[in-house]
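Please open the structure in your viewer and keep a selection tool at hand. The tour below moves from stop to stop, naming what to select and then saying what is found there.

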Amino acid sequence: MRNIWTIAKREYDHYFITPIAYVVAFVVLLILGFIFFAVIQSASQSALYGYPSVPDLTVLMWWFAFLLMFGTPALTMRLLAEEARSGTIELLLTAPIRDYELVIGKWLGSFLFILTLVAATLIYPIMLNGIVIGSFTVLTPMVSPGIDRQLLLSSYIGLILVAASFLALGVGISAVFTNQIAAFFVSLITFLGLFFLIGIPANLVPSGGEFFNYMVMRTHFDGAFNMGSIKLTDVVYFLSLIALGLFTGTTAVEIRRWR
Amino acid sequence: MIQVNGLTKDYGARRAIDNLTFDAEQGEIVGFLGPNGAGKTTTMRILTGYMPPTDGSATVAGYDIVDESLEVRKRVGYLPETVPLYNDMTALEYLKFMADLRKIPNSEDRAYETLETVNLHERANSFIGNFSKGMRQRIGLAQALIHRPEVLILDEPTIGLDPAQVVEMRNVIREIGKDRTVLLSTHILSEAQQICDRVLIINKGKIVAEDTPENLQSRLVGSQRVVLRVRGESDELPAKVSKVKGVRDVEAKADGSVEFEFSAGQDVRPQVAKAVIQAGFDLLEMRPIGLSLEEIFLELTRDNANGKKA
């Protein structure tokens with residue numbers, strides 16, 4: 001366990017000295033900022049026309065998941081590919097740590113970075129709800145009597161599972177390649193496929209379409225967690241993807257030893 | 001400390017090392033001598049747990065390298081040929097990371113101590129990316145030493161260093177080798193002669209000779225060749241030298257120096273020196289010409305071809 005933590009901590013710290021992580025965080029937060037603005041705008045517009053509504057944070061969460069699809073490959077591409085290219089993998093593979101500890105540590109490091117990013121977005125629901133620090137009312141609530149916290153929690157759990165799955169698959173793909181760019185594009189294509197495209201064959205095949213439908217990540221997030229429903233089948237789906245990614249990574253590292 | 005038995009490694013159809021057997025005791029510095037592609041790095045990678053062997057077995061510090069790989073890795077310090085460094089870390093951060101991976105308590109203190117050992121503590125907070133080749137090599141060594149391993153495996157530790165750094169690195173290795181087992185690879189014969197207690201010569205994945213550096217050379221050579229240089233004219237020198245008993249193959253070189261040979265075991269150099277001085281020459285230089293690694297290889301492969309054991 002301690003080995004996993006040592007690796008994870010180094011990766012987490014490393015994100016804060018690499019421009020790519022800042023670029024990902026900046027772009028994601030910038031776009032989410034626009035979306036948040038648009039969400040509020042649309043709610044206030046419809047109120048003007050006599051249809052009162054509340055700002056819908058699930059729109060924001062959907063966009064966040066969508067952006068993660070592009071952002072996470074940039075965060076995971078170098079994790080193991082760069083170690084292989086620069087030869088530092090030799091250091092890690094001759095250190096007294098197990099291959100899976102290395103892979104899980106890499107994944108955990110990137111996951112903690114994404115959690116930091118996710119934590120930064122908590123500002124939006126906090127703004128909507130209004131916050132009180134000490135005796136100073138910083139903001140008055142925009143939504144009264146407050147937003148649906150259970151739905152918000154469910155959305156965030158789903159979002160974190162989406163991120164964790166992307167990152168695990170990204171680490172696995174990074175372990176296969178020695179070229180970061182290759183790892184990036186293969187990850188991106190995999191995520192695009194998983195998020196929407198894998199559902200396309202469902203309508204084309206005569207039977208077994210359920211499998212393809214089940215594999216579509218979007219329905220497990222947008223049609224479940226982001227609607228406030230936490231079901232075991234969706235949780236299992238994401239946990240399976242995480243396990244698959246980490247297993248692929250560990251196997252790729254082991255294969256590297258035998259080559 | 002290191003026992004290797006019939007170790008074999010295939011990369012696809014190519015056999016990188018073939019049935020290697022050797023051992024190394026505690027406090028012994030063993031040199032692995034061979035040309036590029038001889039299998040030195042492969043052997044070291046197997047012994048450090050980086051890759052498993054195709055066949056054969058080995059124990060390091062009493063643990064099997066395949067079944068107890070983690071135990072072996074805890075006890076081995078390894079400096080790979082391409083020094084594995086993170087350029088975006090400072091020297092201290094890097095060593096602290098390595099110490100943490102080895103679960104060393106007070107890792108930062110240990111990292112700093114190790115930096116002192118390799119004389120880099122003044123650059124503790126500099127980024128490794130800005131280091132010179134020599135400094136990179138030293139921090140690589142520090143990384144291998146950080147857990148005070150029983151066995152140290154160094155792949156070409158002096159490659160790419162300037163002469164002063166080479167001397168320094170050799171001194172550090174000799175110091176470490178006093179109480180620990182060191183296995184180092186090199187393709188420089190004089191280096192092996194200077195620091196190693198024992199030399200294994202490896203070629204095409206096979207050990208072709210194993211002995212102390214001195215024995216190896218005299219066994220291979222049988223006779224010693226010496227170059228002699230005097231001040232001024234040396235036309236008569238070959239004749240004078242030839243008269244000394246035991247001297248053979250006298251040869252005058254174009255640059256005015258004279259070379260001769262004598263059988264190993266009967267050193268005629270004092271007599272030659274006396275004769276030269278008595279003949280009125282000012283003796284400037286007399287030095288043995290060692291065999292180069294290439295010559296040793298030619299020698300060894302020739303012997304093998306004749307069916308003799310080198």
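Begin with the charged side chains: a search over all chains of this predicted model finds 27 salt bridges in the whole structure.

**Salt bridges within chain B**

Select Glu168(B) and Arg138(B), which form a salt bridge whose closest N and O atoms are 3.5 Å apart. This pair links distant parts of the chain, since Glu168(B) belongs to helix α6 (residues 163-176) of chain B and Arg138(B) to helix α5 of chain B, 30 residues apart. Glu168(B) counts as partly exposed, at 31% relative accessibility, whereas Arg138(B), at 17%, counts as buried.

Next, select Arg198(B) and Glu210(B), another salt bridge, where the closest N and O atoms are 2.5 Å apart. Arg198(B) lies in strand β9 (residues 198-203) of chain B and Glu210(B) in strand β10 (residues 206-211) of chain B, so the pair ties together parts that are 12 residues apart in sequence. Here Arg198(B) is buried, with a relative accessible area of 13%, while Glu210(B) counts as partly exposed at 34% relative accessibility.

Then move to Glu285(B) and Arg287(B), whose salt bridge has its closest N and O atoms 2.6 Å apart. Glu285(B) is partly exposed, with a relative accessible area of 24%, and Arg287(B) also counts as partly exposed, at 38% relative accessibility.

Select Glu11(A), Arg78(A), Glu83(A) and Lys106(A) together, and you will have a network of residues linked by salt bridges.

Return to chain B and select Glu259(B), which lies in strand β13 (residues 258-263) of that chain. Is Glu259(B) buried or exposed? At 13% relative accessibility it counts as buried, because the cut-off for that word is under 20%. Leaving aside residues up to four places away in sequence, Glu259(B) touches Arg225(B), Val226(B), Val227(B), Asp249(B), Val250(B), Glu251(B), Lys253(B) and Ile289(B).

**Where chain B meets chain A**

Now show both chains and select the residues in contact between them, 27 from chain B and 23 from chain A. The area buried between the two chains is about 2,500 Å², and carbon and sulfur atoms give 61% of it. Pick out Tyr50(B), Tyr86(B) and Leu101(B), which supply 27% of the area that chain B buries against chain A, more than any other three residues.

How many salt bridges are counted between chain B and chain A? The count is one, and to see it, select Arg45(B) and Glu90(A), where the closest N and O atoms are 2.9 Å apart. Across this interface there are also 10 residue pairs in polar contact. On the side of chain B that touches chain A, the elements giving two or more residues are β1 (2-11), α2 (69-75) and α3 of chain B. Of these, α3(B) gives the most, with five residues. Colour that side by residue type and its residues divide into 16 nonpolar, three polar and eight charged.

**Helix α3 of chain B**

Stay with this helix and select residues 91-101 of chain B, a stretch that is mostly covered, with nine of its 11 residues buried. The buried residues are Ala91(B), Leu92(B), Tyr94(B), Leu95(B), Phe97(B), Met98(B), Ala99(B), Asp100(B) and Leu101(B). What covers them includes α1 (2-15) and α5 (89-93) of chain A, together with α4 (107-117) and α5 (133-145) of chain B. Just after the helix, select Lys103(B), which takes a positive phi of about 55 degrees.

**The nonpolar cores**

For the last stop, select Tyr94(B) and Ile139(B), the residues with the most contacts inside the largest nonpolar core, which has 147 residues. Helix α8 (residues 149-176) of chain A gives the most to this core, with 13 residues. Around Ile139(B), and again not counting residues up to four places away in sequence, you will find Leu85(B), Ala91(B), Tyr94(B), Leu95(B), Leu115(B), Leu120(B), Ile128(B) and Phe131(B) in contact with it. Finally, select Val226(B), Val241(B), Val244(B) and Val268(B), which are among the members of a second, separate core of 14 residues.

Terms used. Residues numbered from 1 in each chain as written. Chains lettered and ligands numbered in written order. Predicted model: local features only at pLDDT ≥ 70, side-chain atom pairs only at ≥ 80, totals over all residues. Heavy atoms only, no water. Core = buried A, V, L, I, M, F, W, Y, C linked by side-chain atoms within 4.5 Å. Buried < 20%, exposed > 50% of the residue type's maximum accessible area, 1.4 Å probe, protein only. Helix = DSSP H or I, 4+ residues; strand = E, 2+ residues; numbered from the N terminus. Contact = heavy atoms within 4.5 Å. Buried area = accessible area lost by both parts, 1.4 Å probe. Salt bridge = Lys/Arg side-chain N within 4 Å of Asp/Glu carboxyl O. Polar contact = N/O pair within 3.5 Å; in protein donor to acceptor, adjacent residues only side chain to side chain. Nonpolar A, V, L, I, M, F, W, Y, C, P; charged D, E, K, R; others polar.
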